[in-house]
Amino acid sequence: MTALLEVEDLKVAYGKIQAVKGISFSVDAGEVVTLIGTNGAGKTTTLRTLSGLLKPVGGQIKFNGKSLKKVPAHKIVSLGLAHSPEGRHIFPRMTIEDNLRLGAFLRSDKQGIEQDIRRAYDLFPILGERRKQAAGTLSGGEQQMLAMGRALMSRPQLLMLDEPSMGLSPIMMQKIMATIAELKSQGTTILLVEQNAQAALSLADHGHVMEVGNIVLSGTGRDLLHDESVRKAYLGED
Amino acid sequence: MNELPQQLVNGLLLGSMYGLVAIGYTMVYGIVQLINFAHGEIFMVGAFGAITVHLYVLPDGTSMWVALPLMLIGAMIASVLVAIGAERFAYRPLRGAPRLAPLITAIGLSLALQQAVWAFYPEAKSKLAFPQIEGGPFSIGGATIQTGDIFLIVAAPISMAFLAYFVMRTRTGRGMQATAQDPDTAKLMGVNTDRIIVIAFALGAVFAAVGGVASGLKYGQIDFKMGFILGLKAFTAAVLGGIGNIYGAMIGGVVLGVVETLATAYIADIPGLDQFGSQSWAEVWAFILLILVLLFRPQGLLGERVADRA
């Protein structure tokens, strides 16, 4: 069986500065895989490359066996790859409902879209209560919910979440992580980028630790959670 | 002062014409943050497209009621082709360049289009008479309306309603809003932002073409530099309404038209200001209004709030 997503020796550069220096990992269907590491490790760059916003300078990306290297960004989502970007990036002056509809931009099954909007409201009731409100008026945590709901609207085979807990209160962070766990239990395949290594590794089937553009350590979520070097570097233990 | 209704009507009509052209400035700015200074020439080219249909396509003596829709189509085709060409060959190669580069390109393109029409369009070195709608003026509630302005009265609201429907209710319109607010994220949603940019230019050109025909009917003549001052005024209207906001463009246009008309009509009645009353001061009032807005409400009347850009 081949993996849903296969990344091989991926290299990405901003001009002369190499941000990702040849990383390889894969994501199987139904799995949660996490990339953890400090700021500037190349995690966000990796996700932005997977969704076509950045072009790799080397390596391979295969999704369902098909190379993504030459696919423009706006065609990636139709292949089944949805990306909830770092910093949420909801459309602030559009309503919550229009934001969700944009997540289904390329779909034409009206009934299915309405059904999925209702499902997003079931998952995040606060969004349903405020459906006609401009998305920019939501709190950070609510915006994160909207960004995740919007990404799900394309019915992705792989959901990429970039720093979903960034800047959130501890309570809101727990809520978001609980939602990710719920999505996992429903069988959603997730590639999760997080600075909150503890939370991410507890959820993940597999994890990869990134440092300055390289994957320095890989393992199951549980193994990494108990790895001494990981605990020292990322979980704040001496 | 019983001519006030007349002046208000004049101002509204003039303002709707500004508004139609202002839409193009504001839409392109909203999506690519470019002030397309060649947009006044898109308006001018529209008027020439219309007159071309009249002079070279339709048989002589065709009734204006038949000719006008065809002329409008000719105007739109001419404007849209030039706008799309400008986007493709002048602006797209400069995407990602410092913002000064496309701005200077726009000014250059504006001059190039004027000169091209001057040099190559038959007899365009002097003013060309624009065909007029048959029939005399009529009056409503104390105001006289010229026959040529009927076009504007019908076309401006239809254009506005179409635009609002398109932007708010269609999928492409939503893609356009998304691209304006966050282009990278719009791509993640599957929006082909390159296509959206072309559509924005084309749509702006369609309304400029409507404005070009309206101007020909209103003034009875067109020339290669008709887009210059009108372009500046329409740009003023766009800034006045809040650049990037399509409703603002129309409202800004109307406010500008009314203020300019009323100032020209009444300022000479104020003791000591009688020498400022002539038509040649109209531009001055328009740009004074712009300066006041920039000083006291730089985001424009309906401007986008800066806070939600966060």
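**Exercise 1. State what the buried residues of helix H3 of chain A pack against, and say how far that helix is enclosed.**

Solution. In this predicted model, the buried residues of H3(A) pack against helix H4 (110-123), helix H5 (125-129) and helix H6 (140-152) of chain A, together with H6 of chain B. The next step is to name the residues concerned, which are Ile96(A), Asn99(A), Leu100(A), Arg101(A), Leu102(A) and Gly103(A).

**Exercise 2. Determine how helix H6 of chain B lies against helix H8 of chain B, and which residues meet.**

Solution. Two packed helices are described by the angle between their axes and the distance between the axes. For H6 (residues 171-181) and H8 (residues 193-219) of chain B, the axes come within 10 Å and cross at roughly 100 degrees. Angles of 65 to 115 degrees count as roughly perpendicular, and H6(B) and H8(B) are therefore roughly perpendicular to each other. Turning to the residues, Thr172(B), Gly175(B), Met176(B) and Thr179(B) in H6(B) meet Thr193(B), Ile196(B), Ile199(B) and Ala200(B) in H8(B). By class, the residues of this contact divide into 4 nonpolar, 4 polar and no charged.

**Exercise 3. Decide whether the radius of gyration of chain B agrees with or departs from that of a compact globule, and describe the chain as a whole.**

Solution. A compact globule with 310 residues would have a radius of gyration near 19 Å, and chain B has 19 Å, which agrees. The C-alpha trace of chain B spans about 55 × 50 × 35 Å along its principal axes. Chain B contains 11 helices and 4 strands, and buried residues make up 48% of its 310 residues. Finally, among contacts in chain B between residues at least 6 apart in sequence, 76% join residues at least 24 apart.

**Exercise 4. Work out the order of the strands in the open sheet of 4 strands in chain A, and trace how they pair.**

Solution. The order is E2-E1-E4-E5 (chain A), with antiparallel pairing. E2 and strand E5 (66-67) of chain A stand at the edges, each with a single partner strand, so one side of each is left without a neighbour in the sheet.

1. E1 (residues 5-14) and E2 (residues 17-27) of chain A pair in the antiparallel sense over 8 bridges, with Glu6(A) opposite Ser26(A) in E2(A). These two strands form a hairpin with 2 residues between them, and Gly15(A) in the turn has a positive phi of about 60 degrees.
2. E1(A) and E4(A) pair in the antiparallel sense over 5 bridges, and Lys11(A) has Gly58(A) in E4(A) as its bridge partner.
3. E4 (residues 58-63) of chain A is joined to E5(A) by 2 bridges, and the two run antiparallel. Here Phe63(A) stands opposite Lys66(A) in E5(A), while the bridge partner of Lys62(A) is Ser67(A). E4(A) and E5(A) also form a hairpin with 2 residues between them, in whose turn Asn64(A) has a positive phi of about 55 degrees.

**Exercise 5. Describe the open sheet of 6 strands in chain A, and say which strands helix H1 of chain A touches.**

Solution. This sheet has the order E6-E7-E8-E3-E9-E10 (chain A), with mixed pairing. Strand E6 (81-84) and strand E10 (214-220) of chain A stand at the edges, each with a single partner strand, so one side of each lacks a neighbour in the sheet. The twist averages 15 degrees from one strand to the next. E6(A) is joined by 4 bridges to strand E7 (residues 158-162) of chain A, and the two run parallel; the bridge partner of His83(A) in E7(A) is Met160(A). Helix H1 (residues 43-50) of chain A packs on the sheet, touching E3, E6, E7, E8 and E9 of chain A, and its direction makes about 145 degrees with that of E7(A). Helix H7 (residues 170-185) of chain A also packs on the sheet, touching E3, E7 and E8 of chain A, and its direction makes about 155 degrees with that of E8(A).

Conventions: Residues are numbered from 1 along each chain as its sequence is written. Chains are lettered from A and ligands numbered from 1 in the order in which they are written. This is a predicted model: local features need pLDDT of at least 70, side-chain atom pairs count only at pLDDT 80 or more; totals for chains, interfaces and linings use all residues. Two strands pair if DSSP finds at least two bridges between them. Axes are lines fitted to C-alpha atoms, for helices over the stretch in contact, and angles run from 0 to 180 degrees between N-to-C directions. Two residues are in contact if their C-beta atoms, placed from the backbone, lie within 7 Å. Angles under 35 degrees count as roughly parallel, over 145 as roughly antiparallel, 65 to 115 as roughly perpendicular and the rest as oblique. Ala, Val, Leu, Ile, Met, Phe, Trp, Tyr, Cys and Pro count as nonpolar, Asp, Glu, Lys and Arg as charged, and the others, Gly among them, as polar. The radius of gyration is taken over C-alpha atoms; the globule rule is 2.2 Å times the number of residues to the power 0.38. A residue is buried if 20 or more other C-beta atoms lie within 10 Å of its own, exposed if 12 or fewer, and partly exposed in between; C-beta atoms are placed from the backbone.
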